[in-house]
Amino acid sequence: MNTAASTVARPPAAVTLPVQGMTCASCVGRVERALKKLPGVASVQVNLATESATLRFDGPPDVAAAIATIEKSGYAVPQASIELQVQGMTCASCVGRVERVLRRVSGVQDVAVNLATERARIKMLAGTPVQALVAAVMKAGYEAVPVVQDASAQASDAQAERQAAERRRLQRSLWLALVLALPVFILEMGGHLFPPLHMWIDATIGMQNSWLLQCALTGAVLLGPGRQFYRLGVPALLRGAPDMNSLVALGTAAAFAYSVVATFAPGLLPAGTVHVYFEAAAVIVALILLGRFLEARARGQTSEAIRRLVQLQAKTARVQRGDGAWQEVDIVQVMAGDRVQVRPGERIPVDGTVLEGESFVDESMISGEPIPVTKRAGAELVGGTVNQNGALVFEATKVGGDTLLAQIILMVEQAQGAKLPIQALVDKVTMWFVPAVMAAAALTFLVWWLWGPQPALNFAVVNAVAVLIIACPCAMGLATPTSIMVGTGRAAQLGVLLRKGEALQQLKNTRVVAVDKTGTLTLGRPELTDLALAPGFDRAPVLAAIAAVEGQSEHPIARAIVQAAEREGLALPEVTQFDAITGMGVRAQVGGQRIEIGADRFMRQLGLDVAPFAAAAEQLGQEGKTPLYAAIDGQLAAMLAVADPIKPSTPAAIAALHRLGLKVAMVTGDNRHTAQAIARQLGIDEVVAEVLPGGKVDAVQRLQKSHGTLAYVGDGINDAPALAQADVGMAIGTGTDIAIEAADVVLMSGDLGGVPKAIALSQATMGNIAQNLFWAFAYNVALIPLAAGVLYPVNGTLLSPMFAAGAMALSSVFVVTNALRLRRFQPKG
């Protein structure tokens, strides 16, 4: 028989993708032609009615390439994302296993599993059944439920309760294990540590009865609090996907089984090898449970930032209903458009716009700035901030999940669940870590059994168990995500929102910070910055007269002068005979006086000498400001300047960036003279001036080539392309929604001060991750060979399985505790 001919050919793998935007047969043909050009595609069938494309591949399906091809052809492949809460993961091997099974589900594009948050974030094609994802995780031996995106206090309380219930369960198991393991430890090890105790046990209950008692107590430990290791570890082992539970189950089972044989059938063992290790099995379980309890308690603190944000939300609101009466209602019942009342000391329940009243509001939870902000009619309010001394009535504009606070919570959660590029190396190592440890334990057993000193079998069992127990994939799995959780949470408290967790790693590598001028370095609006008076003139009447004349114009400079007068409480007199003189200035009659305002050439035309203001005018020129002059009844009265003033926080922020060793570049559309003047004033290293709106991307690319990794800070719509081009885009929180959407980081304080905070925190977080990874890898690299007994031929050193269990338990606790240090991070000066 011809075997080759009888073999049934395997059909090409088929993938169906949804396609949006097709309207006619030509669209179908365009998509089909584009997809057929892809390498490995055997056939393509595009259906206009079902809006789908079915591809058959000769080899492994390259779905990402197919999606990119469809989108390049001008059509869309709708995608969705979901989060699953995954329970039962204990180490980095579990993370890798869950990621692998989810990636095999048809329609899944990308998966990121986080051990610290116990969540899996899945990017998939729209329409991918969630039940298929849950089933895949459960088949791998874990429990999974979809996460409902809910930033409410109830959701946070429910999650906190789940964590607390897990801690209580671990605590009960720990206490029971300790109570049962302590007598075993005293009976066996007490005799070794204190010989009279050994003689007393032998003389009273006898060694055989002591062993029987130890067997019963250890059996109770393994069947009771230790059962979880077998319940999770044995199925994983049978599936060919061992995890940390499998290592513990194998180690304790080996020690217990050997001891049972020594107790009940000693004749089966070689002479001189009849010893029991009940205490090792019992104490290992107790110590590992201790480690898991301490780890769970510490991990509960890593999400403290989220809980604090959730606690900022008000539980109720005072709302005016149709009959005009004010009613106290649950926060979920507040609707957009409702009139809401806030009394002094109360927390503002939702976002809105002030209708009545005036007060100071503490917005430190949003901006990180401690100074309260004045709020009056027309001002915007943010839910979660605290009203201080006045009563306010406002109209609710955003409620529920649309409020700024809810969006901040969601952004922080997403950033905490992110995987940094550095995690890729860890994932590759941990994929093979547990099988490698099992192989090392088997090799240790064989080497000691075949070539070890007598009793060789005892040495082989003890050292193999020590290798199994001391390996700690937990520390590897927790090293990166715990630091990210704490770091991003601390950033939110400092007014820095990381929309993408990956920005943490990129910020650390930043070499140059490029900043847009208007609205970033400056306030973004013109203000009267200077008013110098000639002898014999007073500020109030001069400013009132100038403002009255400028009030006839809609020019931004004119509005700035009028606003300055209004802020000083000046009444503007009546204006008559207003006349605009093209290219020169303006002239009018104010209160019987002739007022003339314009540039120096206008004053010279009027026969007035501006020399008395020469020194001040030169200073203004150096600051990039253009002076204006005012004459009253033919006499030079004042010189003034209107400019977009530098934000008070900008000089300190630039100095902080320089202290971090960074270059600062300014990208602006202003003329070079003005830009250079501001750069000199602030100590900016490089200026890219006279940039057209479309040229900012080119400017960013040039800076990247000359300096390296670049962070760009902007606030306007025209900054969005540059924010996207930069290695890290940082948007001012007071800027446009488009800029914020294009950014990786949002600075809620509304000024440049958040940039050095973000970069310093990034450096601290990445340093913390490096410490954790060094510990996790160095621990395993150093102690696994030690547990195998490599030092025995040199100095007789061997590692007790109990010490191995203690070291393993404390390893993951160290990683989490080290990450928690970031909660105390404070940016320098």
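Student: What follows α26, and is its phi positive or negative?
Tutor: Gly 683 comes after α26, and its phi is positive, near 80°. Keep in mind that this is a predicted model.

Student: Okay, and which residues of α26 are buried?
Tutor: The buried ones are Thr 674, Ala 675, Ala 677, Ile 678, Ala 679 and Leu 682.

Student: What covers those buried residues of α26?
Tutor: The cover includes the helices α20 (517-521), α24 (614-622) and α25 (650-659), along with the strands β25 and β26.

Student: Let's look at the sheet with those strands. How many strands does it have, and in what order?
Tutor: It's an open sheet of 7 strands, in the order β17-β29-β28-β27-β18-β25-β26, and the pairing is mixed. At the edges sit β17 (496-498) and β26 (686-688), each of which pairs on one side only. On average, neighbouring strands here are turned by 20° against each other, direction ignored.

Student: Where does α26 pack on that sheet?
Tutor: Helix α26 (residues 672-682) touches β25 and β26, and its direction makes about 155° with that of β26.

Student: Do β18 and β25 run parallel or antiparallel?
Tutor: Parallel: 5 bridges join β18 (residues 512-516) to β25 (residues 663-667).

Student: What actually holds paired strands together?
Tutor: Strands of a sheet pair through backbone hydrogen bonds, either parallel or antiparallel.

Student: New topic: hairpins. How many residues sit between the strands in the hairpin of β20 and β21?
Tutor: There are 3 residues between them, and in this hairpin Gly 583 takes a positive phi near 80°. Strands β20 (residues 575-581) and β21 (residues 585-590) run antiparallel, joined by 5 bridges. In that pairing, Asp 579 stands opposite Arg 587 in β21.

Student: And which glycine takes a positive phi in the hairpin of β21 and β22?
Tutor: That's Gly 591, with a phi near 60°, in a hairpin that has 2 residues between the strands. Strand β21 is joined to β22 (residues 593-598) by 6 bridges, and the two run antiparallel. Val 590 stands opposite Gln 593 in β22.

Student: What about the sheet with β5, what's its strand order?
Tutor: That open sheet has 4 strands, ordered β5-β6-β4-β7, with antiparallel pairing. Its edge strands are β5 (108-114) and β7 (143-146), each pairing on one side only. Neighbouring strands are turned by 25° against each other on average, direction ignored. For a pair to find, Asn 114 stands opposite Arg 119 in β6.

Student: Which strands does α4 lie across?
Tutor: Helix α4 (residues 92-103) lies across β4 (79-87), β5 and β6, at about 165° to β5.

Student: What lines the second largest cavity?
Tutor: Its lining is Ala 255, Tyr 277, Ala 280, Val 461, Val 462, Val 465 and Pro 801. By class that's 7 nonpolar residues, with no polar and no charged ones. Helix α17 (residues 456-470) gives the most, with 3 residues.

Student: Last one: is Gln 214 buried or exposed?
Tutor: It counts as buried because its relative accessible area is 0%, and the cut-off for buried is under 20%. Gln 214 lies in helix α8 (residues 207-223). Beyond its neighbours within four places in sequence, Gln 214 is in contact with Val 184, Leu 187, Glu 188, Val 276, Phe 278 and Glu 279.

Notes. Residues are numbered from 1 along each chain as its sequence is written. This is a predicted model: local features need pLDDT of at least 70, side-chain atom pairs count only at pLDDT 80 or more; totals for chains, interfaces and linings use all residues. Side-chain values use heavy atoms; hydrogens and water are left out. On a 1 Å grid over the protein atoms alone, a cavity is a set of points where a 1.4 Å probe fits but cannot get out, and a pocket is an open set with protein on both sides within 12 Å along at least five of seven lines; lining residues have an atom within 4 Å of a point. Ala, Val, Leu, Ile, Met, Phe, Trp, Tyr, Cys and Pro count as nonpolar, Asp, Glu, Lys and Arg as charged, and the others, Gly among them, as polar. Buried means under 20% relative accessible area, exposed over 50%, partly exposed in between (1.4 Å probe, protein chains only). Contact means heavy atoms within 4.5 Å. Two strands pair if DSSP finds at least two bridges between them. Axes are lines fitted to C-alpha atoms, for helices over the stretch in contact, and angles run from 0 to 180 degrees between N-to-C directions.
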